[in-house]
Amino acid sequence: MDSFIEQTAPGVAYSEIKKMIMLKKLKPGQRLAEITLSQEIGVSRTPVREALRKLTLEGWLRMVPNSGVWVASPTRREMINAYEVRAKLEQWGIEEAMPNVTPLLLRLLEENIEEEQAVYEGRISAEKYPEINSRFHLSIAEAGGNEILCQHIRTAINTTDVYMVLYENYLDFSNNRSLSEHRELLELIKERDTEAAIKMIGVHVHNGFLDLKLGH
């Protein structure tokens with residue numbers, strides 16, 4: 001476990017501010033005030049400042065020197081670019097993974113889908129959904145054995161996870177098609193249908209972009 005997230009004052013501040021973003025209590029483009037956050041969380045401004053730095057590095061916030069800190073508000077073009085890059089990387093990742101499919105990998109993916117189902121049914125906290133969703137994708141990428149590619153896929157997923165939380169009603173599971181698409185992808189992997197799996201992962205990532213509520 002990241003020691004930062006343990007129950008230190010900076011860890012508490014980090015967890016609470018991130019939770020506010022994930023529950024949409026803080027909105028894209030909203031300016032954050034250290035003193036207000038410190039009062040709400042019940043810690044001093046120093047750990048809040050540390051938490052804001054970490055969240056900025058992770059892409060949740062945007063920090064402008066001598067100006068302030070805002071919740072991230074990427075442009076439409078930035079988001080399109082991020083999803084396009086992620087789709088290409090994951091297609092490459094699944095191509096490399098397919099020769100290395102093992103019963104263990106299939107079981108890991110099945111267990112991940114079971115966890116995702118548990119989130120849908122309310123048996124696991126909805127705040128865990130992005131982590132569970134990402135783990136499914138990373139398990140496939142890691143099977144390919146290309147660590148540099150995995151690092152890039154991990155970065156791309158982290159970036160689009162931020163966009164998903166900020167701009168998608170990801171807690172409304174009645175309209176979330178990710179679970180059914182994961183199941184479909186798992187079946188293609190079981191069948192060793194590389195071409196169809198590559199196409200499916202591209203469609204799946206693209207659908208993630210289409211599900212963002214970006215307005216016009």
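This is a predicted model: local features need pLDDT of at least 70, side-chain atom pairs count only at pLDDT 80 or more; totals for chains, interfaces and linings use all residues.
The largest cavity has a volume of about 210 Å³, and 18 residues line it. If you want to find its centre on screen, look for Asn133, Met164, Ser178, His204 and Gly208, which are the lining residues closest to that centre.

Which elements give two or more residues to the lining of the largest cavity? They are helix H4 (76-97), helix H6 (129-143), helix H7 (147-167), helix H8 (178-190) and helix H9 (194-210). H9 gives the most, with four residues. By class, the lining of the largest cavity has four nonpolar, eight polar and six charged residues.

Next come the pockets. The second largest pocket has a volume of about 150 Å³. Around it you'll find Glu58, Gly59, Arg62, Ala72, Ser73, Pro74, Glu78, Thr159, Val162 and Tyr163. Helix H7 gives the most to this lining, with three residues. Here the classes divide into four nonpolar, three polar and three charged.

Here are the spaces side by side:

| Space | Volume | Lining by class |
|---|---|---|
| Largest cavity | about 210 Å³ | four nonpolar, eight polar, six charged |
| Second largest pocket | about 150 Å³ | four nonpolar, three polar, three charged |

Now for the strands. Three of them form an open sheet in the order E1-E3-E2, and the pairing is antiparallel. Strand E1 (31-32) and strand E2 (61-64) are the edge strands, each pairing on one side only.

Take the E1 side to begin with. Two bridges join E1 to strand E3 (residues 68-71), and the two run antiparallel. What is the bridge partner of Arg31 in E3? That's Trp70.

Leu61 stands opposite Val71 in E3. E2 and E3 form a hairpin with three residues between them. Have a look at Asn66 in that turn: its phi is positive, at about 60°.

Which way do the residues of E3 point? Gly68 and Trp70 point one way, while Val69 and Val71 point the other way. Are they buried or exposed? All of them are buried.

Finally, zoom in on Ser38, which lies in helix H2 (residues 34-41). Why does Ser38 count as buried? Its relative accessible area is 8%, and buried means under 20%, so Ser38 falls within that class. The side chain of Ser38 reaches the backbone oxygen of Ile35 at 2.8 Å. Leaving aside residues up to four places away in sequence, Ser38 touches Val43, Ser44, Arg45 and Val48.

Technical notes
Residues are numbered from 1 along each chain as its sequence is written. Side-chain values use heavy atoms; hydrogens and water are left out. Buried means under 20% relative accessible area, exposed over 50%, partly exposed in between (1.4 Å probe, protein chains only). A polar contact is a pair of N or O atoms within 3.5 Å; within protein, one must be able to donate a hydrogen and the other to accept it, and residues adjacent in sequence count only if both atoms are side-chain atoms. Contact means heavy atoms within 4.5 Å. On a 1 Å grid over the protein atoms alone, a cavity is a set of points where a 1.4 Å probe fits but cannot get out, and a pocket is an open set with protein on both sides within 12 Å along at least five of seven lines; lining residues have an atom within 4 Å of a point. Grid points are joined across faces, edges and corners, and a volume is the space filled by probe spheres set on the points. Ala, Val, Leu, Ile, Met, Phe, Trp, Tyr, Cys and Pro count as nonpolar, Asp, Glu, Lys and Arg as charged, and the others, Gly among them, as polar. Two strands pair if DSSP finds at least two bridges between them.
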